[in-house]
Amino acid sequence: MTNSERPDQAESSAAANELRALSAFIDDEAPEAERIETAARIAADPVSAATVAAYRAQDNALRALFAATADKEPQVVVVRPRRRYLMAASWLVVGIACGFLMHMLLPVLDQDHPPPPFAQRADIAYAVYAPEQRHAVEVAASQEDHLVTWLSKRLNRTLTIPSLHEYGFELVGGRLLPGEDGPAAQFMYQNASGERLTLYMTSGSGKHKDEYAIRMLRDGSRRTYYWTTDHAGYALSGQIGEAKLRAISFDTCAALGGDPKKWQ
């Protein structure tokens with residue numbers, strides 16, 4: 001068997017290509033078409049979603065670690081030949097210290113307030129479907145009764161679609177999506193300027209036992225506010241002003257049976 005035919009090399013190359021695609025997606029360096037394709041793959045693949053979450057945790061850790069020195073002027077160091085070994089030893093100590101701090105910091109970032117998988121899925125689903133013009137939803141708002149009945153049956157709980165009319169957003173429709181542990185629903189809204197919001201809901205299967213206060217996940221210009229109520233996860237995503245999206249999230253949480261006052 002030639003080298004080009006070896007399956008281990010093919011798998012290694014495929015894995016490397018996948019990591020490059022995910023890295024470009026996280027750093028906003030991929031072309032729009034490739035970014036949409038990668039986002040769809042992440043939404044359907046828990047392993048890719050976990051990899052993206054880990055990369056973002058590392059980025060956040062590095063930013064937090066070096067934030068204190070970000071605004072300082074760079075220092076020029078002239079090293080005398082006889083003292084080079086001392087400088088090398090100093091850099092070794094710095095490297096060990098950085099490694100220790102990273103080891104201590106990463107668990108805090110990863111365990112303190114990590115976005116749950118349903119929030120990450122909601123954010124990616126918004127990125128995939130919000131730009132769509134002809135196929136943004138599966139069932140249009142003109143069939144709202146059918147949409148609610150269908151998705152309530154699939155998620156095995158009674159769903160309600162909150163009105164965002166007072167904020168200038170009207171229902172476009174909704175669709176069924178794969179969730180972390182079963183079906184999930186996405187409802188899309190749009191205002192007169194063409195801006196869109198999506199409301200993501202999970203089934204009330206009981207997996208979300210810990211109640212999340214309303215928190216925010218940020219990815220580029222996208223914002224996703226997420227929370228849980230009665231073991232079900234909710235997430236509101238959009239690219240409008242952060243303060244306005246937060247206000248809509250709190251009102252939506254209340255309309256869906258949550259108690260946002262205790263989180264303010």
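Select H231 in the loop between β6 and β7; helices (H or I, at least four residues) and strands (E, at least two) are DSSP runs, numbered from the N terminus. The phi of H231 is near 70°, a positive value in a residue other than glycine. H231 is partly exposed, with a relative accessible area of 41%; buried means under 20% relative accessible area, exposed over 50%, and partly exposed in between, with a 1.4 Å probe and protein chains only.

The model is predicted, and local features need pLDDT of at least 70, side-chain atom pairs count only at pLDDT 80 or more, and totals for chains, interfaces and linings use all residues. Residues are numbered from 1 along each chain as its sequence is written, and side-chain values use heavy atoms, with hydrogens and water left out.

**The whole chain**

Zoom out to the protein chain, whose secondary structure comes to 7 helices and 7 strands. From the N terminus on, the elements run α-α-α-α-α-β-α-β-β-β-β-β-β-α. Of the 264 residues in the chain, 39% are buried. Among contacts between residues at least 6 apart in sequence, 61% join residues at least 24 apart, a contact being heavy atoms within 4.5 Å.

**The sheet, strand by strand**

Next, colour the strands. They form an open sheet of 7 strands in the order β1-β2-β3-β4-β7-β6-β5, with antiparallel pairing; two strands pair if DSSP finds at least two bridges between them. β1 (139–140) and β5 (215–219) stand at the edges with a single partner strand each, so one side of each is left without a neighbour in the sheet.

Now select α5, which packs on the sheet and touches β2 (170–178), β3, β4, β5, β6 (222–229) and β7. The direction of α5 makes about 140° with that of β6; axes are lines fitted to C-alpha atoms, for helices over the stretch in contact, and angles run from 0 to 180 degrees between N-to-C directions.

- β1 and β2 are antiparallel and share 2 bridges; display V139 to find G174 of β2 opposite.
- β2 and β3 pair in the antiparallel sense over 8 bridges, with G173 opposite M188 in β3.
- The hairpin of β2 and β3 has 4 residues between the strands, and G182 in its turn has a positive phi of about 150°.
- β4 pairs with β7 (residues 232–238) in the antiparallel sense over 5 bridges; the bridge partner of L197 in β7 is G238.
- β5 and β6 run antiparallel and are joined by 5 bridges, with M216 standing opposite Y225 in β6.
- The hairpin of β5 and β6 has 2 residues between the strands, and G220 in its turn has a positive phi of about 65°.

**The cavity**

Return to G182 and show the residues that line the largest cavity: F118, R121, G179, E180, D181, G182, P183, A184, Y200, T202 and S203. The elements that give two or more residues to this lining are α5 (117–129), β3 (183–190) and β4 (196–202). On a 1 Å grid over the protein atoms alone, a cavity is a set of points where a 1.4 Å probe fits but cannot get out, and lining residues have an atom within 4 Å of a point.

Go to the loop between α6 (144–155) and β2, where N156 is found. N156 has a phi near 60°, a positive value in a residue other than glycine, and at 70% relative accessibility N156 counts as exposed.

R157 lies in the loop between α6 and β2. Leaving aside neighbours within four places in sequence, R157 is in contact with S152, M201, T202, S203, G204, A232 and Y234. Draw the C-alpha to C-alpha distance from R157 to G204: 6.9 Å, across 47 residues in sequence.

**The last stop**

Finally, select D259, in the segment after α7 (242–255). D259 is partly exposed, with a relative accessible area of 40%. D259 and T229 are 30 residues apart in sequence and 8.5 Å apart, C-alpha to C-alpha.

Notes
On a 1 Å grid over the protein atoms alone, a cavity is a set of points where a 1.4 Å probe fits but cannot get out, and a pocket is an open set with protein on both sides within 12 Å along at least five of seven lines; lining residues have an atom within 4 Å of a point.
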